[in-house]
Every structure is written in structure tokens, then in C-alpha cells.
Amino acid sequence: MKTYDVTALGELLIDFTENGVSAQGNPLMEANPGGAPCNVLAMLKRLSKKTAFIGKIGEDIFGKQLKTALRDVGIDTRGLKESKEVRTTLAFVHTMEGGDREFSFYRNPGADMALEEEDLDEALIRESRIFHYGSLSMTHESCRLATRRAIEVAEESGAVLSFDPNLRESLWASLEDAREQILYGMSHCQILKISDNEIQWLTGEEDFDKGIDWIRARFSIPLILLSMGKDGSRAYAEGKRVEVPAFVQDKTVETTGAGDTFCACVLNYVLENLLAGEWPEEAEGSRNRFAERCKACAEERLGEMLRFANAAASIVTTKKGALRVMPEREEVEAFLTERHGN
């Protein structure tokens, strides 16, 4: 038995989100802890999973705030490193009508991109059932090498690898570089969470099913999750395709963290169902076993997984921030009962 359910590597930053207007008419900004990988871990912790994070912050007031936030929500911080030379990464989030967001990053440089191979706690990765990563830890050479080494260690340990591209165009030197690194991430994962705009950008296909076919023609990924915002979500698992509508809220505040919440709920389902029981430790055996479990998973169960994930994501859109406001399992179940009676 491994010690951790999920360890994630990537960015940890402050999301400055708009929260009203001052008496002088200036926008008030709230400093929310954020970063997609830690949002995923925070939701998993709400679902009673043991999680850990690998990343880097600055030795500054924002870094201290972030470290405290992770500990407050129960994420293990032994893999979190601090830099004296580089400041904590910041993002300013402008919320548009309907809840969509526009980002302005202060990250050139930022501490998250200063993660190096020697910063990695490889034992932590080896002790994890799932290793989750994104593409923002591959935008620059130093963190790119660290991410690739972490992927290598995770594969050697027999962990299942989960990848969310989470494309942020402004953080890349070029979209060609982004494409190359995202394709690298896909070539190593067994679980892929990708959004509607990302799949169209990557594959050039407007039709999502054709986009999935494009990915599958290149990579053997047993479980692919497609998030489509207000249009719901889909799961593609070894020949099966399941689609579930979204729970659209009248009281949506912003969509920050919705995709991360969705991803966490999928990983929780994987942990409780597809990774249950005896599990091979070697990389190839682990990959084959996971593919077999995905192939055997009934469409009805995949639908249940998506409904729970969609519901949790919908709840998060009614709250400011993400990491500190993830819903409890009981809150999601009550929401589902209210909407559908089951």
C-alpha cells in the first residue's frame, strides 16, 4: 500500500480576484490561494484522500500565505520548496460577464518556474498511487526538466499518471513550444483531462469526437475526460463514450477552479473504483491493468462519475476563489438529490 493517494506537481500562486469596488471607485482585489494542481488536491482532500504537492514558492509574504493555505486544507507540503532569489508567482483574474475569466500573470520569473530536478522529493512520488501534472511546469527549461524527471520516477514506481494541459497561452514563448510539451505530457499519461477549447486548438478539429480520435491515433490513453463548460462533459474509456449535461447555475460568480474540481472528482472515482484491490508495481503492468479496468467499466458508472464531477464543479462556480472553498462530499450529494432525486 502506498502512502499517498495523489501527488501533484506544478504551479502554486496567488490569484488576485475582483471582489467589489472601493469608496474611491477602485476595484478591490482578494488574494486567493490558487494554482490548478493544488486546486485538484484540495478537492481530493475534501473527499478524504491523502494528497501531497511538489512545487516552489518565494520566501515572501505570499509564499507564507500559500504554505499556510495548503496546510490548512490538509495537503502535505513536504515537497514544497522555497526560493530566496525568485518571488512567488501572482495572477490577476478579471471576471467577465457570465463568469469566464481573463488572466494577467506576474511570472517572468516566478518561483514556480524555478523548480529544479534536485528539488524533487522522489520518495514522495514513489509513495503515490496517482501522479498528476499539467503543462505550466513545462514552460521553461528548469521546471521542464524537473517535470520530466518526476514523470520518469512516477512511471518507474507503477503510479497511474494524470495530465491536465491547462493551456495559458501568454505563459509560453510560442504556441509551437506549448504544443510540443503538451504532446509530451499526453505521451506519458493514462488519464487525460482536456477542455473543449484546448482540444480544438491542439487537433484542429471543431468536432470533439474527431479531436479525441486524433489524440487516440497518436497516444494510448485509457481514460480521456472532456470538459465543455456549460455544455457538460464527456468520458472516453476504451471504446466507450458517455456524455452528461452540466448543472448550470443562475448564481454563478466565476468559473475559477471548476475544471480542477471536475478533474479531482474523476481522480477520486478512479481511486475508489479503478485502482481498488491488488495492483502491479512495475510501470508496464500498471498501465495494462488500468487499461483493463477502464475497458471493463460500465457506461452507467462512468455517467455517475461525470454527474458527481459536474455537480461539484457547478457548486464551485458560485464561490469566490477555489482552493479554500471546495465542497464536501455531502454537499455535492445533497446538490444531486435536489436536482435529480438521486
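Contact here means heavy atoms within 4.5 Å. The model is predicted: local features need pLDDT of at least 70, side-chain atom pairs count only at pLDDT 80 or more, and totals for chains, interfaces and linings use all residues. Residues are numbered from 1 along each chain as its sequence is written, and side-chain values use heavy atoms, leaving out hydrogens and water.

**View 1. Packing of helix α2 (residues 61-73).** The buried residues of α2 pack against β2 (13-21), β3 (27-34), α1 (36-46), β4 (51-58) and β5 (76-83). Helices (H or I, at least four residues) and strands (E, at least two) are DSSP runs, numbered from the N terminus. G63, L66, A69, L70 and V73 are buried in α2. They cover an arc of only 125° around the axis, which puts them on the same side of α2; the arc is that of the directions from the helix axis to the C-beta atoms. I61, K64, R71 and D72, on the other side of α2, are exposed. Buried means under 20% relative accessible area and exposed over 50%, with partly exposed in between (1.4 Å probe, protein chains only).

**View 2. The two ends of α2.** At the start of α2, the backbone nitrogen of F62 has a side-chain oxygen of D60 within 3.2 Å. G74 follows α2 and has a positive phi, near 95°.

**View 3. Helices α8 (residues 258-274) and α9 (residues 283-296).** The two helices pack at an angle of about 95°, with their axes 11 Å apart. α8 and α9 are therefore roughly perpendicular to each other (65 to 115 degrees). V270, N273 and L274 of α8 make the contact with F290, R293 and C294 of α9. Axes are lines fitted to C-alpha atoms, for helices over the stretch in contact, and angles run from 0 to 180 degrees between N-to-C directions.

Notes. Expected span 1.5 Å × (residues − 1). Polar contact = N/O pair within 3.5 Å; in protein donor to acceptor, adjacent residues only side chain to side chain. Parallel < 35°, antiparallel > 145°, perpendicular 65-115°, else oblique.
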